[in-house]
Amino acid sequence: MCKITIDDIKVAEKLARLELNDDERNEIRTHLERQVADFAALNDIDTDGVLSDLGRAGDALPRAEER
Amino acid sequence: MDITEFTLAQLSSAIADKRVSATEAVKACFARIRDTERLNNFITLCESAALRDAALADEAIARGNPVGPLCGVPIAVKDNIDVRGSRTTCASAALSDRVADADAEVVRKLKSAGAIIIGKTNMDEFAMGSTNENSAFGATLNAIDDTRVTGGSSGGSANCVAARQAYGAIGSDTGGSIRQPAAYCGVVGLKPTHGVVDRTGMIGLAPSLDCIGTLTRDCDDAALMFGSISKRGSGSGITLDGDMRGKTIGIVDLLCDDRLESGVAQAFYSARKALESVGAKTVRVVLPSFAAAILTYHILSSAEASYYLDKYVRSDEQKRALGGEVKRRIITGVYVSSGARYDELYAKAIKTRTVIASEYVAALENCDAVICPTAPNTAHVVGEKIAPSVAHYNDMYAAPVSLAGLPAVSVPFGESDGLPVGIQIVGRPNDEFAILGIGKALQSMR
């Protein structure tokens with residue numbers, strides 16, 4: 001299972017310009033760790049050669065660090 | 001007869017024929033809203049403006065002026081869509097004072113068709129949720145069983161139609177937010193093809209997925225309302241076919257999923273039999289990537305929400321006022337679209353979306369429509385503790401259709417333990433009237 005730390009959450013808070021309290025941080029960390037573990041199932045989908053989202057690659061969001 | 005029992009189409013005819021006045025219809029709705037106030041379907045009521053508009057509609061009819069297909073019909077609007085002069089709160093304490101200075105395009109179209117806007121409906125905060133319990137204005141209670149949730153995020157819109165407080169309502173649907181509450185409340189919920197209803201003036205959740213659609217008592221009403229708000233033109237004069245002979249219906253092969261309640265599976269099986277009994281041919285449809293869709297949906301919708309919500313929630317004070325689910329999704333969205341996760345999760349989800357969409361499109365090459373349950377369950381008890389990671393699966397059948405951008409309608413069919421079940425009918429792009437015709441056939445056999 002993917003390990004997500006409280007520091008990872010704090011980094012995300014800074015990028016989101018959102019401040020959580022300790023309880024919220026712990027709750028979100030637990031939730032996110034479970035969800036990211038579930039996301040691993042996407043690796044079962046073969047996307048080799050798939051280039052874009054319905055031909056709209058330009059719609060992709062910028063990285064959170066670049067917003 | 002109590003005029004709140006009329007369908008939208010019946011009321012529209014009665015008003016045009018001067019058997020009922022628009023003022024009587026509006027007053028009947030507000031009386032009904034007061035009688036069933038505990039359901040908590042509205043955040044803001046527009047009673048004085050609605051009575052003024054109804055009087056103008058009655059005058060226009062009395063003079064014999066040409067009127068629109070929704071003339072005098074009371075309609076409710078979800079509180080993430082602007083109505084000039086009313087608050088648009090998105091059910092968030094962060095936007096509790098935001099007053100719209102212009103109508104959203106969909107509201108402008110409704111008013112052009114003659115509709116009377118009676119109020120703004122309750123919802124999950126910023127459309128994030130599937131119970132309507134994530135509202136700063138309190139949970140809505142299901143009109144069929146008030147110990148149960150309405151579903152969400154368009155819970156107030158679905159439930160006010162079920163409770164006969166309005167003849168139709170506007171909702172928004174990102175991954176099931178019209179269809180799932182329609183299923184839970186026993187009404188018809190139409191999510192049109194992505195982009196076919198203008199979203200200008202709507203506070204969106206995830207623009208690549210967001211759609212504005214309708215909640216109504218039956219499919220004829222949905223056709224009338226959709227025709228009035230779609231970019232493609234007027235809804236007057238549209239007659240739904242409802243003839244299933246010669247039609248091929250794809251049956252999504254997913255009933256082995258252990259999240260599907262047995263009562264819902266039974267209703268789905270009965271729906272298939274009912275369609276076959278009136279001449280439809282059914283074929284099995286396999287969507288190999290279906291199970292990955294809900295994960296893909298949550299990556300993309302969270303990433304987009306974390307990016308676009310910043311336009312509306314800017315100050316520290318507003319951010320502190322956000323509810324737990326909104327904060328959870330913003331952090332999730334930032335996490336999956338930053339660092340190494342951008343390629344591992346976000347970019348992968350974009351590609352997976354393409355695969356899922358292409359599987360649906362391929363299935364629809366051989367069918368007129370594809371059906372599956374709208375939700376794997378019926379409405380749960382208000383206040384029941386359900387982990388967010390479990391609650392997300394409420395949209396497991398609805399979200400894949402959103403990823404593919406296809407039109408879909410949830411039609412009530414059968415019950416499970418006394419609660420309504422919705423059947424989702426998915427069509428090809430721009431086939432809204434065709435899937436509503438199939439829905440009409442199904443509803444006639446409930």
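Predicted model: local features only at pLDDT ≥ 70, side-chain atom pairs only at ≥ 80, totals over all residues.
What covers the buried residues of α1(B)?

**View 1. Helix α1 of chain B and its cover.** This helix runs over residues 8–16, and Leu8(B), Leu11(B), Ser12(B), Ala14(B) and Ile15(B) are buried in it. Look down the axis of α1(B) and those buried residues fall within an arc of 165°, so they line one face of the helix. The cover over them includes α2 (22–35), α3 (47–63), β2 (74–78), β4 (168–173) and α7 (219–229), which belong to chain B. After α1(B) comes Lys18(B), with a positive phi near 65°.

**View 2. Where chain B meets chain A.** Chain B puts 44 residues into this contact and chain A puts in 39. About 3800 Å² is buried between the two chains, with 66% of that area coming from carbon and sulfur atoms. On the chain B side, Ile331(B), Tyr335(B) and Lys348(B) lose the most area to chain A, together 17% of what that side buries.

**View 3. A salt bridge across the interface.** Here Arg328(B) pairs up with Glu27(A), and their closest N and O atoms are 2.7 Å apart. Four salt bridges are found across the interface of chain B and chain A. As for helices, α9 (290–308), α11 (324–336), α12 (341–365) and α13 (388–391) of chain B each give two or more residues to the side touching chain A. The largest share, 13 residues, comes from α12(B).

**View 4. A stretch of chain A to take with care.** Chain A has a mean pLDDT of 85, and 85% of its residues reach 70 or more. Over residues 53–57 of chain A, though, the pLDDT is below 50.

Note on methods:
Residues numbered from 1 in each chain as written. Chains lettered and ligands numbered in written order. Heavy atoms only, no water. Buried < 20%, exposed > 50% of the residue type's maximum accessible area, 1.4 Å probe, protein only. Helix = DSSP H or I, 4+ residues; strand = E, 2+ residues; numbered from the N terminus. Arc of directions from axis to C-beta. Contact = heavy atoms within 4.5 Å. pLDDT = per-residue confidence, 0-100. Buried area = accessible area lost by both parts, 1.4 Å probe. Salt bridge = Lys/Arg side-chain N within 4 Å of Asp/Glu carboxyl O.
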